Amino acid sequence: CVIAPLSAQSDANRKKAEGYQAEAQYYQKKAASHYREAEYYLAQAKKYLREEEYYIRHSDYDKARTYAEYSKKEMDKYKTELRLASQAEDKAATYLRWAADALRGY
């Protein structure tokens, strides 16, 4: 008589923990995606910096300035993606903590 409610409670906690773990995995994948995007934007920024240097060497300062702007924009995108990845990692950690708490019965 006493065991049935405890078993139902632990089953509910297990299901809740599984839900939290699924959410954590979602946010971990989201963070990985943001990191991949960040790498792409960093590569683009480096490419634009090389172009800027090329045009500086050839005294075409208007084009050099244009590529400097492109590089700056790509770096801004890079920083944004890193921030989003960090936020997603924080959410994943929160869900994992909640899952652990659910398994402990809190």
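Because the model is predicted, local features need pLDDT of at least 70 and side-chain atom pairs count only at pLDDT 80 or more, while totals for chains, interfaces and linings use all residues, and side-chain values use heavy atoms, with hydrogens and water left out.

**Stop one: helix α2**

Select residues 61–104, which make up α2; helices here are DSSP runs of H or I with at least four residues, numbered from the N terminus. The end C-alpha atoms of α2 are 64 Å apart, which agrees with the 64 Å that its 44 residues should span at 1.5 Å a residue, the expected span being 1.5 Å times one less than the number of residues. Among the buried residues of α2 are Ala64, Tyr67, Glu81 and Ala102, where buried means under 20% relative accessible area, exposed means over 50%, and partly exposed lies in between, with a 1.4 Å probe and protein chains only.

The structure holds eleven aromatic pairs, meaning rings of Phe, Tyr and Trp (its six-membered ring) with centres within 6.5 Å, called stacked when the planes are under 30 degrees apart, edge-to-face when over 60, and tilted for the rest. Select Tyr27 and Tyr95, a stacked pair at 5.8 Å centre to centre with 10 degrees between the planes. Tyr27 lies in helix α1 and Tyr95 in helix α2, so this pair ties together parts that are 68 residues apart in sequence. Next select Tyr48 and Tyr70, a tilted pair at 5.3 Å centre to centre with 55 degrees between the planes. Here Tyr48 is buried, with a relative accessible area of 16%, whereas Tyr70 is partly exposed at 37%. Ring pairs also link Tyr20, Tyr26, Tyr27, Tyr95 and Trp98 into a cluster.

**Stop three: the nonpolar core**

Finally, select Ala24, Tyr27, Ala31, Ala88, Ala92 and Tyr95, the six residues of the largest nonpolar core, a set of buried Ala, Val, Leu, Ile, Met, Phe, Trp, Tyr and Cys residues joined through side-chain atoms within 4.5 Å. Both α1 (3–57) and α2 each supply at least two residues of this core. Centre on Ala31, which touches Ala85, Ala88 and Glu89, not counting residues up to four places away in sequence; contact means heavy atoms within 4.5 Å.

Methods: Residues numbered from 1 in each chain as written.
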